[in-house]
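Subject: Structure handover

Hello,

Here is the structure I said I would pass on. Please keep it open while you read the notes below it.

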Amino acid sequence: MTSIVALAAAAVEIEAVYRQDGDRLWRALYAFAGNEDVASDAVAEAFAQALRRGSEIRDPRSWVWRSAFRIAAGDLKRQSNLARGPIPEGAFQDVHADDELLVAVQQLTPRQRAVIVLHYYADCSVREIARRTGINPLAVRAHLSRGRKHLRVLLGDER
């Protein structure tokens, strides 16, 4: 009986994470992957896996974000297609999107791209990025610094 109660409680917590973070996670994954199908599949798969694992997950929010980024990275690797298309009609859309910036972000390394997106787009602290991605906080800082420097070069702002 305890396992049924724990499973139900985990499902409620995972649903709360989906309601609170689902849209932001999709947009962050879209900025990371540049592909709406990869973003949608990664979000769906991460939440499906979280529901299957249930109470085994200590921190559902971090686990879902980390898993979604890993799933998206795996999909990109399989597809070997980093071309970014326009956001489809009816998809989650950021009214402040900067197409030039999104194209530049696609040129970063996967880790730089992940930490830049999580820091600036999902508004996560270094500690939260480390928790969500499983990357050491010092490495997160290094990837942020290198990613910023690379973006300045790509966007023509070498101050």
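Predicted model: local features only at pLDDT ≥ 70, side-chain atom pairs only at ≥ 80, totals over all residues.

Residues are numbered from 1 along each chain as its sequence is written, and side-chain values use heavy atoms, without hydrogens and water.

Side chains of opposite charge can pair when their charged atoms come close. A salt bridge here is a side-chain nitrogen of Lys or Arg within 4 Å of a carboxyl oxygen of Asp or Glu. The structure holds six of these.

One of them joins R19 to E15, with the closest N and O atoms 2.7 Å apart. Both residues lie in helix α1 (residues 2-33), four residues apart, or about one turn; helices are DSSP runs of H or I, at least four residues, numbered from the N terminus. R19 is exposed at 65% relative accessibility, whereas E15 is partly exposed at 39%. Buried means under 20% relative accessible area, exposed over 50%, and partly exposed in between, using a 1.4 Å probe and protein chains only.

Another salt bridge links D59 and R131 (3.8 Å, N to O). D59 sits in the loop between α2 (36-53) and α3 (60-79) and R131 in helix α6 (residues 126-133), so the pair ties together parts 72 residues apart in sequence. D59 and R131 also belong to a salt-bridge network with E128 and R132.

Q112, in helix α5 (residues 110-121), is buried at 9% relative accessible area.

Regards

Technical notes:
Helix = DSSP H or I, 4+ residues; strand = E, 2+ residues; numbered from the N terminus.
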